[in-house]
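I opened this model to look up its interfaces and one side chain. My notes follow in the order in which I checked things.

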Amino acid sequence: MQNCFGDLKETTEFRVARRDFLTRCAGGFGLIAAGSLLYPELGIAGSTGLATHSTAALDALHHTPTAKRVIYLFQSGGPSQLDLFDHKPRLNQHNGQDVPKSILGTQRVTLMTRNQGNFSAYGSPFQFAQHGHSGQWFSELLPHMAKTADLWCFVKAMQTEPINHDPAVTFIQSGRQLPGRPAFGSWLHYGLGSECADLPAYIVMTSGSPDQPIVSRYWHNGYLPAKHQGVQFQSTGDPVLYLSNPTGIDHRARGQIVDAVSQLNRIKQTKIGDPEIEARIDAFQMAYKMQVTVPHVIDFSDEPKHVLEMYGPEVHKPGSYAYQCLLARRLSERGVRFVQLFHAGWDHHQDIPGGMRRQTASTDQATAALVMDLKQRGLLDDTLVIWGGEFGRTAYTQTTQGANGRDHHPRCFTMALAGGGIKAGFSYGETDDFGYNIAANAVHVRDFHATLLRCLGIDHQRFTFRFQGLDDKLTGVDPVKIVHDILA
Amino acid sequence: MDCLFTHRAVWHARAPKNFLCLCDCFHSASSGLVIFVLACEALLFLAHDTRAAEIIFDRDIRPLLAEKCFACHGPDAQEVKGDLRLDLQDSVLKKDGTGAIVPGDAKASELVRRVLSPDDGERMPPPDSHKTLTTAEIQSLQQWIEQGAIYSEHWAFLPTQRPVPPDVRTPHFIRNAIDSFVLAALEANGLQPSTQAEPETLMRRVSLDVRGLPPTLAELDEYLHDKQPDAYERMVERMLASPHYGEKMALLWMDLARYGDTSGYHLDSTRDSWPWRDWVIEAYNANMPFDRFSIEQLGGDLIPNSTLQQKIASGFNRNARFNEEGGADPDEWLVRYAIDRTTTLGRVWLGLTLNCAECHSHKYDPISQKEFYEIYAFFNSLEEEGAGGEGGFHNKPVPPVIAVPTRQHLQLEKELLECEQQLQAQGQETPARDPEIARVGAARAGELREKLGASSARLPLQMISVEMPASRPAFVLLRGDFQNRGEPVQRSVPAILPPLPVAGQRDRLALAQWLFDPRHPLTARVTVNRLWAQLLGRGIVETVGDFGRVGRYPTHPKLLDWLAVEFIESGWDTKHVLRLILHSAAYRQASINHHRNDEVDPHNQYLSRAPRYRLMAEEIRDGALHTAGLLNEEIGGPPVFPPQPQNYYAGKSGWKWDVSVGEAAHRRGLYTFWRRTTLYPTFVIFDAPDRSECSVQRPRTNTPLQALATLNDPQFVEAAKAFALRVWSDAPADLDGKLTTAFRRATARLPDSPELDVLRVLYEQRLEHYRSHPEEAAALTDFHPLANKPADAATLAAWVNVTNTILNLDECIVRE
C-alpha cells in the first residue's frame, strides 16, 4: 500500500499514519468516498486503473474508464458559438431585424442589455462550410480545426445557469456558482490520485489578454485538502513557484541540504514518534526530484521540427497558447492527470469581426495541432481533450457597444470534445434557428460533468466527500443525466 | 475472527432464543447469504456481550440515523417517505405498537427487519440511496433497541449545566478541574497520561499557541532560570499579556470573519478593511468580554449613540464579498450577502450549518427553510449596493463607509491643536511682543492644516453596517432562488433555541444579544470549543463548525459543558478560559508518541499526550523571520506587500503588487494584503483559506510545494541569510557553540550530539565547496560587505546553507 507521499512500509505506526492522513484529508469529517464502502478489498493500485504514485480516495473505479487523463482548453470569456460552430443561416437572413419575441421568451438577460430598446439579430459575419467525412460545420475562422473535423464531437446544446463571468466560470469549474467547492481537476486528483511521482497531478496555465480576470480560485481545492488544488505553471520565471534554488546554492548543494534536513528529521522522528515526519521527508524528496523534472518538461529542444511547426510559430514563446498546448501534451505524456489551460480574451461585447479573428488566430492552429499530435502518438485514445468556455453569446447585438458585439448567453453554447472515449466526428444537440434556445438534446453543465466522470471510470453519484454533514458531489443534488449518446 | 469465534461458542451455551431469530433471517438464496452472515455476527455479538458498552443515543445512534436515514425519514417534511420520521420519537414508537421500533425487542422491530432484509425492494437504506449500514452500525441499532430505544434531544440543544468533575484513580496528575475530566476519560479507556513536556518545549508551545511567535532566547532563558514554583504560570501570564496575543487571536478570527482586503469577485477591487482588523486586535488585547466583542461586530451600529469604534466593529457584516461585475443583478447579490451573513452567524456562534436550509429544510438538524429565512431577515436590510450594475463597480469604495483617522492623522490633529493653542496663548499674553515667533507659529499651523487636509483625503474608508430606515421584506426563497419567492417571513430565531425577548426591537442588535442569553445552549459551547482547538489542535467537538446532529459527538462532553459554564460565569472572559487550559496538566504533557495507544486511540482524541501539528501558514513565515531577527513587530495599520513572484499576477488585469520595501516587508503575516481571488502564494501553499466565506478550520497538509516554499521562497532565503549573519556575530566563537545557538534559536532546545554531527558535516562540506568556488560564495552573500573578502564569504555562505537547513526542519514548522 502506498500513501500520497510515496512508499510507506505497512507497519503499525504507518497504518496509524495513514489513518491520521485520511482524517486530515477529510478536514476532520472522516473520509467518505462511496467507493471505499462498496469495494472494501479492492484497494490495489494497478489492477484497478487507479494511481500508482499516490493514494486515490476511490478504492476502485466504478466503470472501465475510456480516459485516463484530461486536457481542458478552457476558453475564458464566453466564445461566440454562432461565429465558430453553430451555423444559423436564418439568423443571417434576419440580420438587423429584432429577434422575435417568441424566441426571446422571458429568460434573464444581463443588466448590460436588459434596458436596451431592441434586440436586433446579428448574423455571423463569417462564412461557414462543412468539413471532413463527418461534415461538421466550421466557420472560416478555424481552418486548422476544420482539418481535424473527424476527431471532434460538438455538444451544441450546452446549457449553464449564471449569466456573469465569475459565477459562470465557478459553476463550470466546480459545479456551483458560489466559490468554496473543489474544482473538477481537484476532484479528479482526489478520486484518482496521481500517475506521476515527480509532477503535480493537476496543472493549470493561463494565456491570452485578460479582458476578464482569471483567478486562482477557479482551480481551488475547495473543501478538499490543499494538495488537490491546481498547481499553476507560470509562463515566466519559475514554472512552478519556488522551484529554483537561490543563486549560490546549486543542485548538489540543494541535495546536501535536503539530505541534512531529512537526517535531522529522522533523528527527531525516532525521538518523538510522529509519523507525519516521515511524510515530510518524502515531500522534500519529491520537491528535490521536481527540480530536475520540471525544467526538463519545459525544455522543447527534444521536439522534432515538424512537431514544433505543427503548433505554429508562437510555440517558441513561453506563455503563449501554442506553447502551452505543446506543454500540455508533454505533461500528459508524463502522467499528469489533468492539465487545464485558461485562454482569456473571448468576451466580445463589441467588435465580433475583429475580436474573433484575433482570438482564433492565436488558438486555432495549436488546438488542432494538439489533437493531431496526441492522435499520432496514440495518446488520444485515453486522453480526453475539452475545448470551451463558461457560456455562449447572444444572437442579438449589444447596441450600446457599436452593434457588432454579443452579450453573455447561458441558454445555449457549444463545447467541443475529442478522444478519451468520446464519439468522434459527431455532433450532438441542436439550437433553434436563431441559435438562441435549445431545440433538442440539452446538456446541462451537471450532465457534462457527470459524463466526463463517466469517461474517467467514475460514477458521479458515488463520488462524494463529506462536507458540513453532507456527502457532497461535484454534480450536486439536482437531477443529472449521463449523455450516453456522445460516448463511443 | 478469533473474537467472533469465541462469541459463537459462548452464544451456543446461552442463547437459544436468538437461534430462532437466526433461522428467521435465513430464508433467501445467495444475495441473502451475505446479509445472513452480517445478521449472525450482529446477533452473536449482541447475545454474548453482556458488558456491551453503553449505547449513547446522541453519540452512537442519532448520527447514524441522520447520515443513513434522515434524507427520507428526517426533518425535511417535504421529503418524508412512508410517513416515518426517525428523528421524532413519536413517529417511531407508536403507542399502538405499530411503530417501526418495539422498544426492548429488536427482533420484533420492523426497522431491524428492513435493515436486514435480503430483498432489494425492502431493504433499508434502499440500494439507490448508495448508502449501506455496516455490521457494527446494525449491531448498535439492535443494541439500542434492546436497551429500550431511548430517544433524547440532541445534546447541543440542551441547556448547559456545570458538571461535577469526576473522581479519578490517580489524582496526583490533576492540576485543575480540566484534568479530572481528561484523566477520567483516559482511565475509562485504559490509557495513561504522558509526563510533562520539557520546559523548552512548553515555553515554545505556549508562545506559539498564545502569540503565534516562537520565544526569543532571552524569554527562554528567563523562564528556564526561574526556579520559583509558579514559574510556568508567570510565563503564561507574560505570554497572555503580550501585545502579540491580540494578533494571534485576530488571525484566527479573521478566518471566521472572512476578512479580505478585496471585494472577492471578478476584478476583485481593493477595499479598506484593516481598521476593522485593528479593532479586533485591540479588542483581544484589552480582553474585551466575548459577548461585547460579538455584539459590537454584529450590531455595533445599532447601539444607541454608537461610537466610532463600534461602527468600525460592525464592519464584520460587510466583510462579505461584493460582486462588482458589470451586468450582475443587484437583486440577486443582495440576497447572497444576507445569506452569507446568516451562514456566518450559524458557523461562528451557533456551530450550525444553517446554510443547508437555504434551499430546503435542513436534512439533519431541526432548522426549517422558513427558520433560515427568519434569521436571514435580520441581515437583509443593510444599506448597501447590490452589485456592479450596468457598468461595473470597480475600484470605488462600496458605501456606506466611514473615514477612520489613522494614528498619524490623530498625531497631526494633536500637533495642530497644540500649535493653535500656543498661538492663541501668545496672542493673549503679550500681543505683538515677538512678531517673528508668531509668524513661525502661524506658518507651522498652516503647514499642519495642509498636511491634515491631505491626510483626511487619504484616510481609510472602512465599510460599516448601517440599517435601512425601513426593512426590506424577506421571503422564503424557493430552492434558494432570489426570483422565486415563497411566503413572507418575519425576523425570528429557530424554535429549537431559546426565544427572543417578546418586547423590544427585533434587529441585529437584539439577535446579537440573544446569542448571550444565559439559556442559550450553543454560543458558549461553540466558543470554548474553538479555544480548546486553538490550544490542543482539535476541538472537544472535532467538527468545530458543526454542533448539529451529524457533527462529531464530543470526546469530553462534560468537560465542554464545564468550560462553557465557566466561560459564561467569568463574564465571557476569553483569557480566563485560555489560562485555565494552559494551566492544566493535560496541556502540559509531552507530545512524544510511544505508539502504545495506536489501537485504542489512534488519533489521540483522549489526550494521552499533547498533540503535535504543523503551524498555520502565517506562523511559518513569521517564525522564520523571527528566528532570523528580521521580524518587524509593529502592530496594526494598512496591509503590506511582501515579495511575491513577479509573474504571479501575470494575466490579471489591473492588479499591482507594489512590493513593500525595508521593514514593511517583514511585518507579520496577518498584515499581508489578502487578495481573496488570488492569495499570497506561500499562504495558499500552506492551506490558508481564501476567506471567500467563513472558514472554521484550516486543513494541515504536507506537500512538496511546501518544501519548495520553505527552501526557496525569497523571503525564506532572506531569512536564512539574516539568520546566518546573526550566527556569525553570535558568541561563542567555536563552531559547535555557534551551531548550538543557531539550533536553539530556531527550535528553543539544545541539539544532541548526532544532530550536531549532521550540521557540522554539512557546514564543513559546504565551506570546503565555497572555498573552492568563491564566485558561488560571493553570489550567495552579496547582501553583505563580507562578500568582498573571499574567505569570509565562503564562511558566511556555508552558514547560509546551515541556516536554510535549520529553518526547513520539521521541528521549526510544527508546534509540539
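Entry 1, the two domains of chain A. I looked up the area buried between domain 1 of chain A and domain 2 of chain A and got about 390 Å², with carbon and sulfur atoms giving 53% of that area. I note here that the model is a predicted one. On the domain 1 side, A:Ala197, A:Asp198 and A:Asp238 supply 82% of the area buried against domain 2 of chain A, more than any other three residues. I then sorted the residues of domain 1 of chain A that touch domain 2 of chain A and found three nonpolar, no polar and two charged.

I checked the bounds next. Domain 1 of chain A is assigned 69–239 + 298–456, and domain 2 of chain A is assigned 244–291. Their centres, taken over C-alpha atoms, lie 41 Å apart. Five residues of domain 1 of chain A and four residues of domain 2 of chain A take part in the contact.

How many salt bridges are there between domain 1 of chain A and domain 2 of chain A? I counted zero. For polar contacts across this domain interface I found one residue pair, both residues being at pLDDT 80 or more.

Entry 2, chain B against chain A. I read off a buried area of about 8300 Å² between the two chains, and carbon and sulfur atoms give 55% of that. Chain B puts 101 residues into the contact, and chain A puts in 91 residues.

I searched this interface for salt bridges and the rule returned eight. I looked up B:Arg612 and found it in a salt bridge with A:Asp274, where the closest N and O atoms are 2.9 Å apart. For polar contacts between chain B and chain A the search gave 30 residue pairs, with both residues at pLDDT 80 or more. I also listed the elements that give two or more residues to the side of chain B that touches chain A; among them are α17 (330–350), α29 (714–729), α31 (753–772) and α33 (790–807) of chain B. The residues on that side of chain B come to 37 nonpolar, 34 polar and 30 charged.

I located B:Gln644 in the loop between α26 (617–628) and α27 of chain B. Is B:Gln644 buried or exposed? I class B:Gln644 as buried because its relative accessible area is 10%, and the cut-off for buried is under 20%. Leaving out residues up to four places away in sequence, I found B:Gln644 touching B:Tyr649, B:Trp657, B:Tyr680 and B:Pro681.

Technical notes: Residues numbered from 1 in each chain as written. Chains lettered and ligands numbered in written order. Predicted model: local features only at pLDDT ≥ 70, side-chain atom pairs only at ≥ 80, totals over all residues. Heavy atoms only, no water. Contact = heavy atoms within 4.5 Å. Buried area = accessible area lost by both parts, 1.4 Å probe. Salt bridge = Lys/Arg side-chain N within 4 Å of Asp/Glu carboxyl O. Polar contact = N/O pair within 3.5 Å; in protein donor to acceptor, adjacent residues only side chain to side chain. Helix = DSSP H or I, 4+ residues; strand = E, 2+ residues; numbered from the N terminus. Nonpolar A, V, L, I, M, F, W, Y, C, P; charged D, E, K, R; others polar. Domains from an automatic or database assignment. Buried < 20%, exposed > 50% of the residue type's maximum accessible area, 1.4 Å probe, protein only.
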